[in-house]
Amino acid sequence: MKRTDAQQIGDIVNSYLKKENLDVALDEHRASALWPQIVGQGINRYTVTRWVKDGVMHVQLSSAPLRNELMLNRSRVIALINEALGREIIKEIVFY
């Protein structure tokens, strides 16, 4: 058997995810999971559901005043999420 250079398992997994175009879907899931850390527990308390599809984060809130406030600060929230992910995954946020 011919030996090749050793690789770390994380590098192997990342290259497989990238090859199968699963890295974006995984980062979208991470973005959804980061929501409580980004906005804090006070805002997360009013979050009913959240999901990401095709670079658009959908967030359902139970407070209309909070929804309006977050709409005004949408670009800042997008920047914080993308900064935490290390690349641009979220292009838009839609609040319901």
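How accessible is arginine 30: buried, partly exposed or exposed?

Arginine 30 counts as partly exposed, at 42% relative accessibility (buried means under 20% relative accessible area, exposed over 50%, and partly exposed in between, using a 1.4 Å probe and protein chains only). This is a predicted model, where local features need pLDDT of at least 70 and side-chain atom pairs count only at pLDDT 80 or more, while totals for chains, interfaces and linings use all residues. Residues are numbered from 1 along each chain as its sequence is written, and side-chain values use heavy atoms, with hydrogens and water left out.

Arginine 30 pairs up with aspartate 27 in a salt bridge, with the closest N and O atoms 2.9 Å apart (that means a side-chain nitrogen of Lys or Arg within 4 Å of a carboxyl oxygen of Asp or Glu). Both sit in helix H2 (residues 23-39), three residues apart, or about one turn of the helix. Helices (H or I, at least four residues) and strands (E, at least two) are DSSP runs, numbered from the N terminus.

Aspartate 27 is buried, at 8% relative accessible area. Arginine 87 also forms a salt bridge with aspartate 27, the closest N and O atoms being 2.7 Å apart. Arginine 87 lies in the loop between helix H5 (74-85) and strand E3 (92-95) and aspartate 27 in helix H2, so this pair ties together parts 60 residues apart in sequence.

## The remaining bridge

The structure holds three salt bridges. Glutamate 92 forms one with arginine 74, at 2.8 Å between the closest N and O atoms. Glutamate 92 is in strand E3 and arginine 74 in helix H5, so the pair links parts 18 residues apart in sequence.
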